[in-house]
Amino acid sequence: MSYLFLTSGEPAGIGPDLCLQYSQTERPHQVVVLADISLLEQRAKLLQLNCKLLPWVPGDKATQLAGTLSVFHIPLRAPCSAGTLDVANAEYVLAQLEQSVAFVNSTRGAIVTCPVHKGILNDSGINFSGHTEFFADRAGVEKVVMMLACEKLRVCLATTHLPLKDVANAINGPELKQTLTIIHDSLQKQFGIAEPRLSVCGLNPHAGEGGHLGLEEQQIIEPALDELREAGLTLVGPLPADTAFTPRALANIDAVLAMYHDQGLPVLKYAGFGDAVNVTLGLPFIRTSVDHGTALDIAGTGSANCGSLRCALNYAATMSANSIF
Ligand SMILES: NC(=O)c1ccc[n+]([C@@H]2O[C@H](COP(=O)([O-])OP(=O)(O)OC[C@H]3O[C@@H](n4cnc5c(N)ncnc54)[C@H](O)[C@@H]3O)[C@@H](O)[C@H]2O)c1
Ligand SMILES: N[C@H](C(=O)O)[C@H](O)COP(=O)(O)O
């Protein structure tokens with residue numbers, strides 16, 4: 001069995017709470033949490049959770065017993081209180097991510113991430129747009145795709161963490177073709193879908209209304225889809241995004257490609273927040289994550305819902321077992 005390396009993320013957020021909540025039940029996976037052990041001890045006290053924290057070193061079996069957690073200790077850079085960000089701990093957050101990559105490169109395993117706070121990382125001087133971009137960079141992969149999935153729906157993004165004003169300029173034929181090819185290949189190799197059917201949203205209202213509301217559909221998206229259709233991919237679109245997520249439009253569709261973050265993710269989070277998973281497609285290793293952020297407003301209160309973390313861990317384990325790289 002391989003390991004699931006679980007980064008605990010922003011120490012002031014709900015990541016540490018979720019790791020501790022997860023520790024309360026027996027689990028089918030060998031999970032190793034990357035975190036500061038004393039931070040977890042303090043948070044466990046705050047949450048009134050009993051958890052035996054077991055220092056883990058490479059080669060050890062990770063505990064699967066309720067009330068215990070295997071932890072690879074990474075020291076905090078400054079004391080942390082739940083809900084209060086501190087730039088001094090940005091390096092601590094980054095160290096978890098770097099270490100998780102080192103572990104998946106040296107052992108069999110997958111990475112599962114708890115949320116980080118992009119703002120505080122950037123405030124500290126670290127240029128960080130998201131885990132997706134970070135892992136692509138560390139893996140030396142030019143292109144990856146962010147996919148969020150819940151029971152009803154899979155949504156992929158053509159652009160990820162970009163200001164809205166920059167989105168139109170970032171949509172181009174070569175990258176759209178790469179993105180759709182990655183989605184198609186990943187659904188085949190990692191999700192066992194023999195002939196994936198993908199739908200693609202337009203960028204503009206009404207998919208450009210025949211060119212009267214924008215030309216990106218006619219000039220960029222349609223030609224890219226036509227080329228890929230000739231290569232054998234099954235693609236529907238470009239569809240007006242406002243009706244691309246209706247039950248009828250989604251019938252027989254395996255994944256929807258949205259052109260930008262807030263075109264696709266609000267729909268997915270409406271359909272499945274709390275039980276959805278964020279998967280990075282196109283990496284040479286498996287990486288999944290929760291569907292939510294650091295939730296500083298509820299860190300340390302005990303009200304964080306651990307459902308998405310459970311789904312992310314289960315997804316990573318299933319993908320590890322089934323993937324053909
Ligand atoms: N995977 C990630 O690393 C990730 C994902 C999304 C957002 N973020 C980051 O998180 C930070 C905060 O983002 P935000 O405020 O937009 O979104 P958020 O998801 O942190 O919070 C939105 C709302 O949902 C609630 N919420 C979130 N997760 C919850 C859970 N597990 N249980 C119960 N309630 C929950 C919060 O309390 C809040 O009211 C930002 O810096 C953002 O970049 C990180
Ligand atoms: N776009 C994601 C979301 O809204 O859930 C989130 O920011 C996390 O992205 P990364 O996995 O790239 O950090």
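Colleague: Which residues surround ligand 2?
Modeller: This is a predicted model: local features need pLDDT of at least 70, side-chain atom pairs count only at pLDDT 80 or more, and totals for chains, interfaces and linings use all residues. Residues are numbered from 1 along each chain as its sequence is written, while chains are lettered from A and ligands numbered from 1 in the order in which they are written. A residue joins the shell if its C-beta atom, placed from the backbone, lies within 6 Å of the ligand. For ligand 2 that gives Gly130, His131, Thr132, His261, Leu265, Asn278, Ser289 and Asp291.

Colleague: Which elements give two or more residues to that shell around ligand 2?
Modeller: Helices are DSSP runs of H or I with at least four residues, strands are E runs of at least two, and both are numbered from the N terminus. The elements are helix 5 (131-139) and helix 10 (261-272).

Colleague: Which domains each supply at least three residues to the shell around ligand 2?
Modeller: Domain bounds come from an automatic or database domain assignment. The contributors are domain 1 (1-141 + 283-324) and domain 2 (142-281).

Colleague: Which residues does the UniProt annotation "binding site" cover, and how far apart are the farthest two C-alpha atoms?
Modeller: The unreviewed UniProt entry marks His161, His206 and His261. They span 101 residues in sequence and do not all gather at one spot, because the farthest two C-alpha atoms are apart by 23.5 Å.

Colleague: Is His161 buried, exposed or partly exposed?
Modeller: His161 sits in the loop between strand 7 (154-157) and helix 6 (167-170). Buried means 20 or more other C-beta atoms, placed from the backbone, within 10 Å of a residue's own; exposed means 12 or fewer, and partly exposed lies in between. His161 has 14 other C-beta atoms within 10 Å, so His161 is partly exposed.

Colleague: What is His261 in contact with, leaving aside its neighbours within four places in sequence?
Modeller: His261 lies in helix 10. With 18 C-beta neighbours inside 10 Å, His261 counts as partly exposed. Contact means C-beta atoms, placed from the backbone, within 7 Å. The partners of His261 are Leu157, Thr160 and His161.

Colleague: What span should helix 7 (residues 173-189) have?
Modeller: The expected span is 1.5 Å times one less than the number of residues. Helix 7 has 17 residues, and its end C-alpha atoms are 24 Å apart.

Conventions. UniProt positions are given in the numbering used here, feature names are shortened, and annotations may be inferred rather than shown by experiment. Two residues are in contact if their C-beta atoms, placed from the backbone, lie within 7 Å.
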